[in-house]
Structure formats: structure tokens, C-alpha cells
Amino acid sequence: MQPLELVSELSTFLPTESVLYQGEDLRPYECDGLSAYRQTPMIVVLPQTEEEVIKILQICHRTKTPVVPRGAGTGLSGGALPHESGVLLSLTKLKKILELDPASRTARVQPGVRNLAISEAAAPYGLYYAPDPSSQIACSIGGNVAENSGGVHCLKYGLTVHNILELRVVTLSGEILEIGGSGLDAAGYDLLAIMTGSEGMLGIVTEIVVKLTPSAEKAQVVMAAFDDIRKAGDAVANVIGAGIIPAGMEMMDRITTRAVEEYVHAGYNLEAAAILLCESDGTVEEVADEVLRIGEIMRQSGAIEIKTSRDESERLRFWAGRKAAFPAAGRVSPDYYCMDGTIPRKKLAFVLTGIERLSSEYGLRCMNVFHAGDGNLHPLILYDANQPGELQKTEEFGAKILEMCIDVGGTITGEHGVGIEKINQMCSQFTRHELEMFHSVKAAFDPSGLLNPGKAIPTLRRCAEHGAMHVHRGDEKFPELPRF
Amino acid sequence: MQDVIDRLADTIRATHPESPLCIRGGASKDFYGNRIPGRDHNLLDASGYHGIVSYEPTELVVTARAGTLLIDLESELLANRQMLAFDPPHFTESATIGGCVAAGLSGPRRSSAGSVRDFVLGVRMLDGRGDDLHFGGQVMKNVAGYDVSRLMVGSMGTLGLLLEISLKVLPRPSVEMTVTLQMNERDAIERMNHWAGKPLPISATCFYNNTLTVRLSGAEPAVRAAHLKMGGERLDDGDAFWRSVRDQTHPFFQSGRPLWRLSIKSTTPQLSLPGQQLTEWGGSLRWLITDPDLPHEDVRKAAKSAGGHATLFRCGKPSMDVFHPLSPAMMLVHRRLKEKFDPLRILNPGRLFPEL
């Protein structure tokens, strides 16, 4: 169908301002948080109700028009990159909190509701929504479901998949799937798990029931400095070996602490090879007990300096530096390239040594920030896109890091998703049969293959190409959002 | 051990749909699920592929072969003061981790710690073509590809034969205390939900016979402080009590009459269904012992109107109606998934739903 015919059909039930198809109107939708990849969509639609979503999908199904769903557009892997001859389905106008039930600790929300807005609505009842991706002030819960978003607290509180009970999904052919339920499990296959993290490839989520968690009485953070990255890695293992699951456990290397200290004055030890931030939360009694034990473990693990936050403002100051790592990378280098591999924690020293070697081999600096508790590593390769050939070197460097993650038994993406960015590395991580099985899963939900085509799962043919996340200073899509 | 996998794969490849395979691990859950139709199915004994592949206590990850006995796995974890936090039911000593994951059942600690699917990080499996596939991994965070490893949990062997499973493990709490409080069911449901909304270290709840039993777990000062806030008489052998609920050796489960499992919204008031009830998981799980002639439809309706589903957990005779029926749209997706994973329908056909 011709674009204008499609526009006129969509306009029969959508208001004029909800069907965009002209140049300037489309510009804001041409990329998500991965701004290096851009594509102008044919049409953008902004439905306000589930009925409108169903009608849009039925039209696209009938006319064989590709559909790319989009939440707040803060994703870092290009999952919402438009299709040139497709409809971009923005879910931002579906933004109602439909029900908040403090007694059962659940909230029924539409996909466009911001992550943080759920916690804000639940706060009067002493509850919150636990997953807290760094973009939580802007990212939408629908996008969180699509990416299975985590956050710094996910070792203790889980990812999105652990914190949702129910999904209402519209398939591309316009059928409703009610997945999960108000109980803690549901009959049949665990489609809730398969939908979570499916990057908008299987269906359009129109309602989500999330679990709410009681707010902790208290939180306190222990900051420990180490003169050797191995000792810091051992300290993480020692904390966990002692039976403690911290609410958050983050590591930064020296190049990172030096870059952020200048920026936020968090009081980090700049001589240290690595800094660990270890947070305890819970009841007043639990935190008092745990913080003492964590401090003692850090000391025994050879920390050269240990500080425990004395009050809430100090706790936030300790965290400020960690949360400023991405912007700091943008400050010390014209461009940076963010990786998202996850590794078994015991391989940390091996992988960091490998990154150091690659760094000098390629002549490119690399900052390392690490969700140490769950092994999720974010190396930030610093480069200058204006230097001929540097971008290409960076991509090679990045690909080698991801391959190293696979080699040590890890994965190419812990939380940012595959999207368009890491689609080639999927070929290294999975065999032909496994990739075929992924395509089969997609076909079970979307036999037409029209939903977000070309993302997340590479065709076998595609497996030779390359891609990556690049952020050019001043070119970042959401410069105001913290990234960690 | 590769020879064991090769033999299992050969068996799958040699199987014809007219005599499909019935997968068995430790036979501890033979009672559970639909009867596999036809008399001509062959037993696929998966217990020979056993043993722990790797266990790193400080990584909080264990990888075990599917035939590993739960008791062996748990005693290895216990030696490192760790546990399977979803608290899997054993039913018998022969229960295997593969069967545990395939059935997707969790025990009393589930409402606070999470379910078996929450702890599955990765699987190695043979699909219905005998292809050896790996999904997920041995790391906590992994968003590469669809979450097929969690899809396997509770699929009752209908999508593939589990070979290896990687699970997140957790430290055992340093102190546990079980207390009992006397009250009626209405108050108990209200109380359990109220407490669940507070930062209290509650790790299990059970209401039966006007007694609410609660377990507190965590650091000693936290457990002590919570006990002061909540009150209740201390129960001496709390572990034995929770084990009896988990493995259904508690007197409630000994009737021999049909046992229903209703998984519903936690705040649902007492269900008006005939029979005896026992409540777990802060009100989310209701066990019902009832008459064989109570129409299944009545139980399903009650569960559905409470936002959940009902399973005929034990009924003493083979049944084809164990699990809560799915909507046509959901069944269509289920059928397509089954077709992709097991195109010839040779793996546990009908065990979950007659259509699969």
C-alpha cells in the first residue's frame, strides 16, 4: 500500500496529530538512545487506547507493513530504530496508571508510564517498583519489559522479569494474549518470561501488572579503595562468600575514578587501582549488622581505605561518582563506545588484563565500570570519530571484548539488549540451530515476521556484518539522563 | 558423559509419533500432570545423566546435570551455607533437578525469594529433533536472545529434554525462627498481606486450622526485632514443619481425596468451595482438598475470578484435565511453540495439555 493510502486509512480512527508522515514531524523518531543509527520511518502513529493499537496492527498485518514499537526511545541498542517502509508505533500516549493496589502490592499500568512514575505513585504506601535502570526518570515500563531492564539493585531485587506478574499483549494479527495472572504463576508455558526481553519482536504490550516492593527502612553504603584490581575482585567474592547479598555492588577502575572525581567531587581515593561501592539496605537492625560485616571483609581483603556513609547525603555523594561515569567519559574524550558484556566474576582480572592489553594494542583508552555483584561489565572505549580510522579500530576493539566475554563463559549483553547494535555478535554466541530456534519462537507469536524485523536475532546470512553503540559528544540522544 | 547425551539423542531421533517418549527423572512426580495418551509410549530415563558440572559458591551459580538428585545438589550447597532459594518440593528422595525444573514447582520460601524460573540462568537441552541446544548461560544478567531457558521451566518435558541447568543460588540465612499465631482465616489473609507490604524478614507463611505459621529469616538482630513487632509463639522444630508442607507429608495432605492447587491474588478472601484448605505464599497459594464429584468447572471458576488458575494437583487416578484451560489465542501460541520444539510430538505429548 502507498504511504498516503495508509495514512488516510489510519486517519479514519486516529486524530490528525497522532499520525505523522511529514519530514520534520518524523525527525524525533529516527533513532533511539543509540544515535549512530538513524532511519526516518515512513509513518509514526501515536495511539491512545488499546483499541487503536489493535486497529493499527490489523491494518499493518493486512497491508504487510513492518511495525517497529517504541517506548520512550531511551534504549541503547537500537531496538527502536525505525524501518524505512514501516510504521513506528509509539506507545508514549498510553501512559495511565490504571490501578494501584497497596494491599496486594501491585500496580496495573499502561506501557508508556515512566519507570520512576510507578515508584512515585507507590511511595505514599511505603512501596516502590524495584528495577531501577539508570534512565528510570525517562524510560517507560513497556520498554523495560521489552529489554528486561535491570539497574544497580538487581542482584538483590531482580530484573524486570522477576518483578512483573501479568502482561496484556496484542499480536500483530490483532489478537489479545493475557499472559501471567494475579497469582505468582500461570498455567501453560512461561510466556511472561519469553515476552520479557523480547525487544518488541513478539507482540505489543498494552498493560503490565508490576509487583511493588516495600521500601527499605534504611540504606547505607561502604566505599572501599584497593591498590590492586584483583584484590577488589576478591573482596566482592568474599562479601558474597560470607553470605551477604548487597543491595548494590559497583566497581570503578582508576581511569574512571579520576575522570569522575574531577566532575562530582565524591571524595574517591585517586591513587587506588579500583573503588568498590557496596550498599546494604533493609531494616535498621539488618543494615547495622551488615555494614559492620562488609567493612570487616573489605579490611581483610586488603582495602587501603574504607568509608561508610554517615547519612543520606553522603550515601548519595558516594553514588554520584559512579552514576557520573558515562557523562565523565563524554567529558574526557570526544567520543566513547559502551560495551555491555557479562562475565563470571572470577574472570574479572583476566578480562580486565585482556582489555588493558587490547587498549595498548589499539592505542585507545578504556574506562571500566562494573556492576560487580552480577558480573555486568561496561567498558567505555574512548576515541575520536574525527580521527580517520579510529572508529573502525574502536569497533574492532569492542568486538574483541565481547568475544572475550563469550570465551570466558559470559554473554555479549547483560542489560542493554541486542537490538541492531550487537546483532552480529549473536552469531558468535549462538549456534545455527539455536538461532533457528529463536526464529521459530518469533514465528510462534508473529508468523508474518512484520514486528520489528531485522532486530535482536540475526539471519544466518547477516552473521558477517558489524555494528556498535557510539556516542559523540553533544550528539547523545538523552544527554540529561544518567547512564550507569 | 557425552556418550550418555549421544544415546539420549539417538533415542529421540529413533522415536516415532505412534510410540512417543515419556520422560522420567526420579519418578517423584509421576502423579503430576496429564496422562500421556495411548498405551504404547516408551519411558525415557533421564536419571543417568547426573552430577554437578560446576559450582562456584562466590559466583552464586551452580550447573548440574538434569539427573542430579535434589538431595545431592542441596547437600553440596549446604556445605557452603547456600541453598536453592525457591525451596523445591522433593516428594520423594529420588527427585531430580531436571524434574524439578520441568515441573516448575517451588516451595514455601517462594513468596519471598522467588520461583524456580526466577533462578534458572541457563539450560542445555535436546529438542524433539535430538539437537543439542544451549540457552541462557551461567551469568546473572543476560539479554542475548529470547529467554528460552525460562520457557522450559514448567513445560513438563513437552518442549525438550533438559540436560543441564544453571541456577542462581543464595546464601542460607544466618538465623531462622518459626512462630505461630492463632486467628481465623480472614484475619490471617489480611495479616499476611499487611506484613508483606512492610520491610519484614518473612520467608514463609502457612495458614491451616486457625493457626498462622510464619518463618523469619535473616540476621539475628533483624529476626529478633521482627519477632518483637509481630508477636507469636516460637515453634521448636520449624524446619520439620516447613519440610512437611513443602513435601506434602503434613497431615492436611494425607486425605487421599483430590488435591487442588489454586494460584490466585494474595488478597482473595476465603474461597467458598467445599472441602479443607491450607494457605501458603502470603495468601497467593491455596490448597484445597475436596470431593471427587465436585465439578472441576467450579474450582476453575473460583480461581479465575480470583485472577489465577487451578491445577488438579493430585487426584489418585489418571486424568486429562489437570491444568487450567488456556484461551484459544494462548493455545494457538502454545501449539506453535510445541510444533517448533518438537515437530513430531514425541516428547511427553499431552502431559501438559492434550493439544500439545
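In the predicted model, Leu162(B) touches Ala66(B), Gly98(B), Val101(B), Ala102(B), Val123(B), Met125(B) and Met152(B), residues up to four places away in sequence being left out; contact denotes C-beta atoms, placed from the backbone, within 7 Å. Residues are numbered from 1 along each chain as its sequence is written, while chains are lettered from A and ligands numbered from 1 in the order in which they are written.

Leu162(B) belongs to the largest nonpolar core, which has 225 residues. A nonpolar core is a set of buried Ala, Val, Leu, Ile, Met, Phe, Trp, Tyr and Cys residues joined through C-beta atoms within 7 Å. A residue is classed as buried if 20 or more other C-beta atoms lie within 10 Å of its own, as exposed if 12 or fewer do, and as partly exposed in between, with C-beta atoms placed from the backbone. Val210(A), Ala235(A), Ile275(A), Leu276(A), Val101(B), Leu161(B) and Leu162(B) are the members that touch the most other members of this core. Another core, of 18 residues, lies apart from it and includes Ala196(B), Leu212(B), Ala222(B) and Trp242(B).

In chain B, five strands in the order S3-S4-S8-S6-S7 make an open sheet with antiparallel pairing. Helices (H or I, at least four residues) and strands (E, at least two) are DSSP runs numbered from the N terminus, and two strands pair if DSSP finds at least two bridges between them. Strand S3 (52–56) and strand S7 (132–136) of chain B are the edge strands, each pairing on one side only. On average, neighbouring strands of this sheet are turned by 10 degrees against each other, direction ignored. Strand S6 (residues 120–126) and strand S8 (residues 161–168) of chain B run antiparallel and are joined by six bridges; Gly122(B) has Ser166(B) as its bridge partner in S8(B).

Chain A also contains an open sheet of five strands, with the order S5-S6-S10-S8-S9 and antiparallel pairing. Its edges are formed by strand S5 (97–101) and S9 of chain A, each of which pairs on one side only. Four bridges link S5(A) to strand S6 (residues 106–109) of chain A in the antiparallel sense, and Ile97(A) is partnered by Val109(A) in S6(A). Strand S8 (residues 164–170) of chain A is mostly covered, with seven of its seven residues buried. S8(A) pairs in the antiparallel sense with strand S10 (residues 204–211) of chain A over six bridges, and the bridge partner of Ile164(A) in S10(A) is Val210(A). S8(A) pairs with S9(A), again in the antiparallel sense, over five bridges, with Glu178(A) of S9(A) as the bridge partner of Arg168(A). The hairpin of S8(A) and S9(A) has five residues between the strands, and within this hairpin Gly174(A) takes a positive phi near 95 degrees.

Elsewhere in chain A, Asp253(A) lies in strand S13 (residues 248–253). Asp253(A) is buried because 22 other C-beta atoms lie within 10 Å. Residues up to four places away in sequence not being counted, Asp253(A) touches Ile229(A), Ala273(A), Ala274(A), Met367(A) and Asn368(A). The C-alpha atom of Asp253(A) is separated by 9.7 Å from that of Asp228(A), 25 residues apart along the chain.

Between the chains, 78 residues of chain A are in contact with 67 residues of chain B. H16(A) gives the most to the side of chain A that touches chain B, with eight residues. This side divides into 32 nonpolar, 30 polar and 16 charged residues, where Ala, Val, Leu, Ile, Met, Phe, Trp, Tyr, Cys and Pro count as nonpolar, Asp, Glu, Lys and Arg as charged, and the others, Gly among them, as polar.

Helix H10 (residues 284–300) of chain A packs against helix H8 (residues 220–230) of chain B at an angle of about 170 degrees, with the axes 7 Å apart. H10(A) is therefore roughly antiparallel to H8(B). Angles under 35 degrees count as roughly parallel, over 145 as roughly antiparallel, 65 to 115 as roughly perpendicular and the rest as oblique; axes are lines fitted to C-alpha atoms, for helices over the stretch in contact, and angles run from 0 to 180 degrees between N-to-C directions. Glu285(A), Glu286(A) and Asp289(A) of H10(A) make the contact with Pro221(B), Ala222(B) and Ala225(B) of H8(B).

Key
Predicted model: local features only at pLDDT ≥ 70, side-chain atom pairs only at ≥ 80, totals over all residues. Contact = placed C-beta atoms within 7 Å.
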